[in-house]
Amino acid sequence: MSTSSTNLGKVAVLMGGTSAERDISIMSGSGVLQALQSRGVNAHAFDPKERDLGDLKRDGFDRCFIALHGRFGEDGTVQGALELMGMPYTGSGVMASSIAIDKTMTKRIWRAEGLSTPAWQQVDSVQATQAAFKALGAPMIVKPAREGSTIGLTKVMDIAQCEAAYQAAAQHDPQVLCEQFIAGDEVTVPVLGSGANAQALPVIRIVAPGGNYDYQNKYFNDDTQYLVPCGLPAGEEAAIQALVLKAYSALGCRGWARADVMIDAKTRQPYLLEINTAPGMTGHSLVPMSAKASGVAYDELCVRLLQSATLDQTKA
């Protein structure tokens, strides 16, 4: 794809917003903004928490790079508003965004498509969480169904921890997901492109201190190791990339995304955890890291993503 930036018009980099991931979004958006400006793009920061989205039209913007994370940014709401304005934007459309933010709905679709994902139960009370623990066994992951960045996530080892784990997740989302824990290698796989042209980038294997890839280790700890090349057998890496492409396609994703996968240490079976349709673009983020390993620099990646901006609906 040509990466000329002369015909991209006035660009809004949407960052910040109102979700629990606001701070990370500002870090992502600031990186994207600097990269686009360095390539001669007429790009400007735009924070939907501080400004009305209608200003995008009034101020003459032509397209948007969505660097928002979490709800009201990655969940189809902003995408729907931009559709109504007829303003092309990066990443997945309304339906894929709204499904992917909801881990339960995502897993239902993957399961229906025959794709492997850990066993789970959605719960709405402490009692239901305790019942899920009895059914799923230890360890069990408890997390909000519609948050990212491991916010509100607890690894439950015994039933006495269920109440605190449920409360920690429920303060972020009334929909709480209990999920079977898969012990083994943790990997992530970015995807770029749409339809038949979608391509899985190199797999990144994540080795966090103590095996705990939490919010702090994800964004602020330099001790977490990101291995790319991932060190997995070539056939295993290719199989994981193929699985992720199927997962991406099943949800109708486009533009780009990043899927998180656990590999069972005993069986080597990969299990899909979730897919992020507006992945991080910070200094610790994994899509730029994987892209770099395939020969695509950060600023080049940002321009390519911006060039892919489009709409679900084109005006008649």
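The stops below run from the whole chain to single residues.

**Before you start**

This is a predicted model: local features need pLDDT of at least 70, side-chain atom pairs count only at pLDDT 80 or more, and totals for chains, interfaces and linings use all residues. Residues are numbered from 1 along each chain as its sequence is written, and side-chain values use heavy atoms, with hydrogens and water left out.

**Stop 1: the whole protein**

Show the cartoon. The protein has 11 helices and 13 strands. Both are DSSP runs numbered from the N terminus: helices are H or I with at least four residues, strands are E with at least two.

Now zoom out. The C-alpha trace spans about 55 × 40 × 40 Å along its principal axes.

Switch to the surface. Its accessible area is about 13,200 Å², and 50% of this belongs to carbon and sulfur atoms. The areas come from the Shrake-Rupley method with a 1.4 Å probe; for residues, only the protein chains shown count as cover.

Colour by burial. Of the 316 residues, 54% are buried. Buried means under 20% relative accessible area, exposed over 50%, and partly exposed in between.

Among contacts with a separation of 6 or more, 68% join residues 24 or more positions apart.

Select the charged residues. There are 27 positive and 32 negative charges, and their mean positions are 3 Å apart. Lys and Arg count as positive, Asp and Glu as negative; His and the chain ends are not counted. Each charge is placed at NZ of Lys, CZ of Arg, CG of Asp or CD of Glu.

**Stop 2: the aromatic pairs**

How many aromatic pairs does a search of the whole structure find? Two. Rings of Phe, Tyr and Trp (its six-membered ring) pair if their centres lie within 6.5 Å; planes under 30 degrees apart count as stacked, over 60 as edge-to-face and the rest as tilted.

Select F46 and F61. They are edge-to-face, 6.2 Å centre to centre, with 85 degrees between the planes. F46 lies in strand β2 (residues 42–46) and F61 in the loop between α2 (55–58) and β3 (63–66), so the pair ties together parts 15 residues apart in sequence. Both F46 and F61 are buried.

Next, select F65 and W256. This pair is also edge-to-face: 6.3 Å centre to centre, 65 degrees between the planes. F65 sits in β3 and W256 in β12 (residues 256–264), so the pair links parts 191 residues apart in sequence. F65 is buried at 0% relative accessibility, and W256 is buried at 1%.

**Stop 3: helix α11**

Select residues 298–307. In this helix, E300, L301, C302, V303, L305 and L306 are buried. What covers them includes β1 (10–14), α1 (22–38), β3, β8 (184–192), β12 and α10 (286–293).

**Stop 4**

Select A43 in strand β2. A43 has a relative accessible area of 4%, so it is buried. Leaving out residues up to four places away in sequence, A43 touches V11, V13, L33, L36 and Q37.

Move to T129, in helix α6 (residues 126–136). T129 is buried, with a relative accessible area of 0%. Beyond its neighbours within four places in sequence, T129 contacts V123, M140, V142, C162, Y166 and C178.

**Stop 5: backbone details**

Where are the cis peptide bonds to inspect? One runs from A138 to P139, with omega near -10 degrees. P139 is in the loop between α6 and β5 (140–144). Another joins V228 and P229, with omega about 5 degrees. P229 is in the loop between β11 (225–227) and α9 (234–250).

Finish with positive phi. F72 is not a glycine, yet its phi is about 60 degrees. F72 sits in the loop between β3 and α3 (77–85) and is exposed, at 51% relative accessible area. R268 has phi near 65 degrees, again positive in a residue other than glycine. R268 is in the loop between β12 and β13 (270–276), and at 30% relative accessibility it counts as partly exposed.

Conventions: Buried means under 20% relative accessible area, exposed over 50%, partly exposed in between (1.4 Å probe, protein chains only). Contact means heavy atoms within 4.5 Å.
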